[in-house]
Amino acid sequence: MSASSSSNACKLLLLGRCLRAVLLSVAIQFLLLTVFLLSVNFQLLHPLAWVTGTLRLVASWYTWFASIPLVASVVLYGVSLCQQHLSERPYCPTRYRWLLHYGPRKLLFLGAHLLVGFLTAWLYTGYMHTDYQHLRYKCYLEECVSAYHVYLLGMGLSAGCYYFVSVHMRQEISIEFPIVEQSRGEKLRELIYASLARSLVKSLLPTLSYTLVFWLFGPLICHKISQVLSVDFDERLEGFFGVATNGRLLFYGYLLTAQILSNMHLMRCFYGILLSEDLPLVVTKQRAAFAHEQEVTMVAGLGVFNVYVVQCLAAHYFYKLALRKDSAQRAEIFQLTEPGNRPANWRSLCDQCLSILGSFTEELSESMQKISVLKGAQSLPMMPKISETVSASLMAEKLLLRQYNQMHGIRPIVSPRSEDAVDRPADGIRHVPNWCERVSTQLEMAVQRLVQRIPGIVYLFNEPEGSKTTFLLANCLPVVYMTQALAQICVASLKEDPYGVVQNDLPAIIKAINKLRNELEKLSSVIGNLKANSSSFNVLRCAVRRSLYAICHSFGDYLADLLPPGEELRQMQDLICQE
């Protein structure tokens, strides 16, 4: 199966899970509505009538028809979430490129948040007191704009906007794999309980903030709406005490905010739970005629670079497979193929893993060269290379003399020749630029300085320092799982590899992991100055060290045979001693 067909097959599987997540999101709307109505219509003296009346109200025809706009907005929200999960995540070096690529997607997602928040508030106000139900109401025998209704509708918009800004504005959607395996029902039950309890605390700040804003600008908004609708102005929420002393309104707004925040959190977590379930991957694809054509191998899943979720799922499947002792699937990695008796499974898996590790390490190293602190450390003046024609004693004498002069402040009698500072071409002829080139260079530098002084140009079109490193660390989850899985396979090969197919690749695996470890050690000194998530860096660093230690500890007696004498062998031996 080609890379495109593997990507399409995995996307088709994940699309089915996204549809189930949309159905769960629609179903949770009625559960949240039931919880809201039970809270609003609480009756301590008549509990049976309280519960039956609420359930009858939820199951009425009015609820089913009135919830159609909200259900449609939830479907739109689900489509936006699905697109966020299954779309490609390219690196955008500048903020301008980021706006071009992610801007339309973020605007659509913001619109979905605002729509869900507004329609949730509109639906819930229909079950409240008469003064809260409609935008117009009778006041002093005349039509007036209900300030209560405007307050609650604005609360829905602000809650949706608050959740988008705090969760989705700059961060990309990611899935989290559980540490302890649970059934889907247990995950959903714990998620609903925890989300409802957490939303009651997290909704305090946005409720108070919106109330303060409404106290300042609410009368102006209500006045403008009354002018548009040609009705009278509602003066019930004028002034600070008019808003702060209305306990019922503040309670409704607080419950509404808690419902909207928990609703959006639940919808996001539904996708995370369903998409984090294992893909039906295989180690060896069946060649029989009746084999299913849509089988996706683990190696093909690791090679789906344009869908980040698929690569994470394949790496997590590989990690779980590597931890299963004496399993038939793990034994397939060490098997020889027929005909030919070649380790095709291991060969393809090892090549794919080393390719991903090598490309990640190379990109990380190149991105670190753009960090000023590391770049300055690498650009320190180095000692000139000793020519083969000059003896070592002569160079040592010159070095000692130079150090002595520098220590006592003695300057050289003969100043260095200016010709040494001029780069000469291969033909030995010195080309001096003419006045046209000098003027052109000066004009270009002047224009660059002038453009950089324009406000916003540098912010939009300059690459922030360490942005590529931050991007790589934020998307390092496949490397974390794959490195540990590869180390576990190497350790298990001591007992489960009857043909020794892994031994030939052990030096390359150790070198690849150790190279990544050295780059991470360099980065550890400046990680605090970057905007990168320190937890992602720590997880990657610990995973690499753990993997390297597992291999070196298992093959400690054979390290001298696997690695040539030198710095790398000494590092591996020191790693074993340190641990």
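Sorted by class, the residues lining the largest cavity are six nonpolar, two polar and no charged. Here Ala, Val, Leu, Ile, Met, Phe, Trp, Tyr, Cys and Pro count as nonpolar, Asp, Glu, Lys and Arg as charged, and the others, Gly among them, as polar. The model is predicted, so local features need pLDDT of at least 70 and side-chain atom pairs 80 or more, while totals for chains, interfaces and linings use all residues. Residues are numbered from 1 along each chain, and side-chain values use heavy atoms, without hydrogens and water.

**Exercise 1.** Find which residues line the largest cavity.

*Solution.* Start with the term: on a 1 Å grid over the protein atoms alone, a cavity is a set of points where a 1.4 Å probe fits but cannot get out, and lining residues have an atom within 4 Å of a point. Next, read off Gln29, Phe30, Leu33, Ser67, Leu70, Val71, Leu123 and Tyr124. Then assign elements: α1 (3–40), α4 (68–86) and α5 (95–125) each give two or more residues. Finally, α1 has the largest share, three residues.

**Exercise 2.** List what Trp346 touches, leaving out residues up to four places away in sequence.

*Solution.* With contact as heavy atoms within 4.5 Å, the partners are Ile333, Leu486, Ile489, Val501, Val502, Asp505 and Ile509.

Note on methods. 1 Å grid on protein atoms, 1.4 Å probe; cavity = no way out; pocket = protein on both sides within 12 Å on 5 of 7 lines; lining within 4 Å. Helix = DSSP H or I, 4+ residues; strand = E, 2+ residues; numbered from the N terminus.
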